[in-house]
Amino acid sequence: MINIALPKGRLGEKVYALFEQAGYPCPAIKEESRKLIFENEAAGVRYFWAKPTDVPVYVERGAADIGIAGKDILLEYAPDVYELGDLGMGKCRMCVAGPATFRDSRDATLRVATKFPNIAKQYYASVSRQIDIIKLNGSIELAPIVGLSDVIVDIVETGSTLRENDLAVLETIVPISARLIANKAGYKFKYEAIRTMREKLFALCEGGSI
């Protein structure tokens with residue numbers, strides 16, 4: 001059996017549909033129930049839903065052989081897993097955003113509000129900019145509006161929330177999309193099964209890349 005951690009939400013549902021199309025169905029996963037684990041012995045798969053930020057933890061520690069995680073989560077937490085390819089789903093960008101009129105002055109420390117402190121630190125270190133990280137868990141766009149921060153580092157999909165709050169993308173840090181990841185030990189022990197699954201999945205992906 002290959003144990004697969006799927007991220008809860010729309011992305012996870014799209015990814016499961018891809019697995020199903022690739023020949024790894026599990027009808028029980030579509031039923032209304034409170035079950036946490038769903039398996040199809042004939043297809044050799046066992047699925048479970050996890051919070052998106054927890055998927056790499058399950059994979060890294062071997063509770064799941066493979067999983068699907070956003071590149072943002074992989075960059076932020078740097079789990080010790082194999083990244084097997086880009087599924088081309090859930091595309092967005094990690095960006096620096098703020099008031100459209102904002103102009104950075106290096107005379108002062110830049111105040112940066114974000115849910116992704118490690119990504120922000122690495123980015124600004126790469127451009128030799130001194131920053132003050134303000135870690136927030138929600139409504140990041142509010143921070144520059146009320147003067148808590150100068151800018152934010154956050155995921156941008158359409159940019160509509162930014163525009164509605166008179167903010168704009170100032171810089172793009174990195175493109176984000178869903179990645180197929182694998183436990184390092186599990187990948188070795190179940191190499192043929194995982195390799196076959198990987199090839200079937202990517203044969204169906206539009207815009208994905210191994």
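Me: How much space lies in the largest pocket?
Reply: The model is predicted, and local features need pLDDT of at least 70, side-chain atom pairs count only at pLDDT 80 or more, while totals for chains, interfaces and linings use all residues. Residues are numbered from 1 along each chain as its sequence is written, and side-chain values use heavy atoms, with hydrogens and water left out. On a 1 Å grid over the protein atoms alone, a pocket is an open set of points where a 1.4 Å probe fits, with protein on both sides within 12 Å along at least five of seven lines; points are joined across faces, edges and corners, and a volume is the space filled by probe spheres set on them. The space in the largest pocket is about 980 Å³.

Me: Which residues of the lining lie nearest the centre of the largest pocket?
Reply: Lining residues have an atom within 4 Å of a point of the pocket. The lining of the largest pocket holds 37 residues. Nearest the centre are Asp72, Gly90, Cys92, Ile155 and Glu157.

Me: Which helix gives the most to the lining of the largest pocket?
Reply: Helices (H or I, at least four residues) and strands (E, at least two) are DSSP runs, numbered from the N terminus. At least two lining residues come from each of helix 1 (10-21), strand 4 (66-70), helix 3 (71-77), strand 9 (151-156) and helix 6 (160-164). The most, four residues, come from helix 3.

Me: How do the residues of the lining of the largest pocket divide into nonpolar, polar and charged?
Reply: Ala, Val, Leu, Ile, Met, Phe, Trp, Tyr, Cys and Pro count as nonpolar, Asp, Glu, Lys and Arg as charged, and the others, Gly among them, as polar. On this division, the lining has 15 nonpolar, eleven polar and eleven charged residues.

Me: What is the angle between the planes of Tyr16 and Tyr47?
Reply: Rings of Phe, Tyr and Trp (its six-membered ring) pair if their centres lie within 6.5 Å, and planes under 30 degrees apart count as stacked, over 60 as edge-to-face and the rest as tilted. By this rule there are six aromatic pairs. Tyr16 and Tyr47 form one that is edge-to-face, 5.4 Å centre to centre, with an angle between the planes of 85 degrees.

Me: Which elements hold Tyr16 and Tyr47?
Reply: Both residues are buried, that is, under 20% relative accessible area, against over 50% for exposed and in between for partly exposed (1.4 Å probe, protein chains only). Their pair links parts of the chain 31 residues apart. Tyr16 is in helix 1 and Tyr47 in strand 3 (residues 45-50).

Me: Why does the pair of Phe48 and Tyr58 count as edge-to-face?
Reply: Phe48 has a relative accessible area of 10% and is therefore buried, whereas Tyr58, at 36%, counts as partly exposed. The ring centres of Phe48 and Tyr58 are 5.1 Å apart. The pair is edge-to-face because the planes stand at 65 degrees.

Me: Which backbone atoms lie by the polar side-chain atoms of Asn183?
Reply: Asn183 is found in the loop between strand 11 (178-182) and helix 7 (184-189), and is buried at 9% relative accessible area. At 2.8 Å from a polar atom of its side chain is the backbone oxygen of Val59. At 2.7 Å from a polar atom of the Asn183 side chain is the backbone nitrogen of Gly186.

Me: Is Asp166 buried or exposed?
Reply: Asp166 lies in the loop between helix 6 and strand 10 (167-176). Phi of Asp166 is near 60 degrees, a positive value in a residue other than glycine. With a relative accessibility of 66%, Asp166 counts as exposed.

Notes:
Polar contact = N/O pair within 3.5 Å; in protein donor to acceptor, adjacent residues only side chain to side chain.
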